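Dear colleague,

Here is the structure we spoke about, handed over with its sequence. My notes follow below.

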Amino acid sequence: MMKKVTLITTGGTIASKDIGGGLLSSGALSGEQLAALCKLPDDIEIKIVDLIQVPSMFMDFEKMSVLRAAVLNELNDESVSGIVITHGTDSLEETAYFLDVTIDNKKPVIVTGSQRSPEDEGTDVYSNLRNSIYAAAAEILKDAGTVAVFNERIYSAKYVKKVHASNLQGFHSFGYGYLGIIDNGVVNIYQKPVNHECYPLEHPLPRVDIIKCYTGADGFLIEAAVQASAKGIVLEGAGRGQAAPKMVDAIQAALDKGIAVVMTTSAEEGHVHPSYSYVGSGHDLMSRGVILGGDFDSKKARIKLAVLLSNFEEVIQDLF
């Protein structure tokens, strides 16, 4: 029985065109044009949905929500085995996790892109797209949530991260590895996420800002986020989750205004933990009401916090 996969396009390098002078026009190709350039599997029926054509840093919560609605619409079609989304690489990890935390469906949802344009020598467009289609049609990938497929590897949306600006091996999951590989069209899975957190999305997503902690930092950016009506702030702290002491008064003021503050770590691996007792330490901030963000990186924590704030009046520490 032939499988059916829906290909939803959103732009990015994978759909770009050379405009001369060493520059690319990102998202210039439609899904039909992109598919015509690739030798797609002939044993899988492909349905193409041209949704948006933008560079990946043009993505925002509004566009992600539009994409989510399109994905859900296709997943509700019983004839569709899975979804492939083409996306720019610079924000691919954010969109993938947003879909993962807001879509509760057993069918595979794959997000892919490319580091090189379709016209570049040694392009990865065709292999990434072809492999993603095979992954979307694979029974073995059911119940894995949204995943990213890149350079023959399959990554969990929660932990995947762009780790190289230009190399074909552009993505990795530090500390967790990849879920499996696609080898000559065969999908091999070695592990799956044990838990899949998913929340409804019935209200608009609020503003949540990310602020990096560094030596000598003060509360200026935190105060600016508060003035910009942020409902949440994610701190990217050092080590186990430390902030500079001059930031603490502004953090406390934000908490006093009812703004949710989550502490993450800039380290590639490890959990935030209340290990020290001094002003600005993880323990000090937690005692003030800051939520410790586990092993989330700041980008994924921002998305999760926004989704939680859209559903609950108060974010519970245990949800992180």
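**A serine in α4**

Ser-132 counts as buried because its relative accessibility is 0%, under the 20% cut-off. The model is a predicted one. Ser-132 belongs to helix α4, which runs over residues 125-136. Which residues is Ser-132 in contact with, leaving aside its neighbours within four places in sequence? They are Val-84, Ile-110, Thr-112 and Val-149. Val-226, by contrast, is 94 residues from Ser-132 along the chain, and 41 Å separates the C-alpha atoms of the two.

**Helix α6**

The α6 helix itself spans residues 248-256, and its buried residues are Val-248, Ala-250, Ile-251, Ala-254 and Leu-255. These five lie on the same side of α6, because the arc they cover around the axis is only 165°. In general, an α-helix has 3.6 residues a turn, so residues three or four places apart point the same way. Asp-249 and Asp-256 are exposed, on the other side of α6.

After α6 comes Gly-258, which has a positive phi, near 85°.

**The chain as a whole**

There are eight helices and 16 strands in the chain. Its radius of gyration is 20 Å, close to the 20 Å that the globule rule gives for 320 residues, so the chain is as compact as a globular protein of that length. Along the principal axes, the C-alpha atoms fill a box of roughly 60 × 45 × 35 Å.

How much of the chain counts as buried? The figure is 52% of the 320 residues. As for contacts between residues at least 6 apart in sequence, 72% of them join residues at least 24 apart.

The charged side chains number 28 positive and 40 negative, and 1 Å lies between the centres of the two sets.

Regards

How values were computed:
Residues numbered from 1 in each chain as written. Predicted model: local features only at pLDDT ≥ 70, side-chain atom pairs only at ≥ 80, totals over all residues. Heavy atoms only, no water. Buried < 20%, exposed > 50% of the residue type's maximum accessible area, 1.4 Å probe, protein only. Helix = DSSP H or I, 4+ residues; strand = E, 2+ residues; numbered from the N terminus. Arc of directions from axis to C-beta. Rg over C-alpha atoms; globule rule 2.2 N^0.38 Å. Contact = heavy atoms within 4.5 Å. Lys, Arg positive; Asp, Glu negative; His and termini not counted. Charge placed at Lys NZ, Arg CZ, Asp CG, Glu CD.
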